[in-house]
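Dear colleague,

Please find the structure below, together with its sequence. My findings follow it.

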Amino acid sequence: MKQSDKELIGYWLRRYLTEYLPVVRNLSRNTITSYRDALRQLLEYVTENGLSPDKLRVEELTSELVASFLLNLERAKNCSIQTRNHRLSAIHSFANYISTSEPQYLFWYTKLKNIPIKRFGLKKHYEKAIPKVVYLEKDEMKTLLSIPDKTTSQGARDYALLMFLYNSGARATEAVNLRIQDIAIGNGVHASLATIRGKGNKTRVCPLWDSTVKLLQPYMKRSPEEPIFLNRYGDPITRFGIYELVSRYAAKAAEVMPSIGEKNISPHTIRHSTASHLLESGVDINTIRSWLGHVSVDTTNIYAEVNIRMKSKALKTCEVFVKGVPKYNPKDKTLIGFLKSL
């Protein structure tokens, strides 16, 4: 290692994500993924501003550049203040790690640390604000699903992913973690099922529409341990990738149906839409709780015994008719490529 390597953000980023967070801090995979996605988003903003992440020196990541990135999140990306604060916390943590390892960067870290966490939504007497649940109406959901170009490999993959999110009500992280072996294809008597790993490593089983299974099958011809959803480079898709995908198609769908543009659409919006459409179709709340994995320690026994056939019958009441198609490849050795490979 050359001394000059320590001047580059890439040197510290690799150590931070592969040594410090998993080994020294012993943080969970999901937490590390969250930090990685935040830092990757920052580097992609750096690229948009004419700088190369692979050649970016530590001191070139200025407080002005970070502040501009955070402002872009709120104004251009329509991210919430909570999301903006999460990104900033990840940057603060990373910068603190660098300055602790290499004291010459203490002043640089101090300047970044002075970028404040933004306050939001404090009510009288410090009551916690109840977040508004945003979901798509059925016709809005159909419009969103009609946007991907299913005649292309990427469009077909995107369509399959959107359909899976809507069918299962899965969180973005759960879709990222879905493996080929987690899909059990039905035989006409038994329904096709997806085993989903949720928060706290809890698993739940969700029935799949036949149409969803047909969309997923082209991506199931690899090793059973591999993730189903890959990005355009043939690497596992990330949570950030799913958020970008949903946001991109939501923006296009808003051009067709303006009411969609009035909502801040994310993968969680699709999850809320699944629950809302099931509820509208007469599905009882206990089934929906089990379906979406809303299972606390105190209520596990109440919801754990929900019958799969009951879920399958309920699912058919809100199915959206679909058609299908396949995948993509290449590899990337850049810093952004490293982040995508984690």
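In the largest nonpolar core, which has 49 residues, Phe164, Ile228 and Ile242 touch the most other members. A nonpolar core here is a set of buried Ala, Val, Leu, Ile, Met, Phe, Trp, Tyr and Cys residues joined through side-chain atoms within 4.5 Å. Buried means under 20% relative accessible area, exposed over 50%, and partly exposed in between, with a 1.4 Å probe and protein chains only. Helix α7 gives this core its largest share, 9 residues. Apart from this core lies another, of 39 residues, including Leu43, Val66, Ala95 and Tyr97.

Please note that the model is predicted: local features need pLDDT of at least 70, side-chain atom pairs count only at pLDDT 80 or more, and totals for chains, interfaces and linings use all residues. Residues are numbered from 1 along each chain as its sequence is written, and side-chain values use heavy atoms, with hydrogens and water left out.

Helices (H or I, at least four residues) and strands (E, at least two) are DSSP runs, numbered from the N terminus. An open sheet of 3 strands has the order β1-β2-β3 with antiparallel pairing; two strands pair if DSSP finds at least two bridges between them. Its edge strands, each pairing on one side only, are β1 (183-184) and β3 (203-208). Between β1 and β2 (residues 192-197) there are 2 bridges in the antiparallel sense, and alanine 184 stands opposite leucine 193 in β2.

The structure also holds 11 aromatic pairs. Rings of Phe, Tyr and Trp (its six-membered ring) pair if their centres lie within 6.5 Å; planes under 30 degrees apart count as stacked, over 60 as edge-to-face and the rest as tilted. Tyrosine 16 and tyrosine 20 are stacked, because their ring centres are 5.9 Å apart and their planes lie at 20°. Tyrosine 16 also forms a tilted pair with tyrosine 97, at 5.5 Å centre to centre and 45° between the planes. Since tyrosine 16 lies in helix α1 and tyrosine 97 in helix α4 (residues 81-101), this pair ties together parts that are 81 residues apart in sequence. Tyrosine 16 counts as buried at 0% relative accessibility, and tyrosine 97 counts as buried at 8%. Ring pairs link Tyr11, Trp12, Tyr16, Tyr20, Tyr35, Phe94 and Tyr97 into a cluster.

Finally, helix α12 is mostly covered, with 10 of its 14 residues buried. Glycine 282, which follows α12, has a positive phi near 95°.

Yours sincerely
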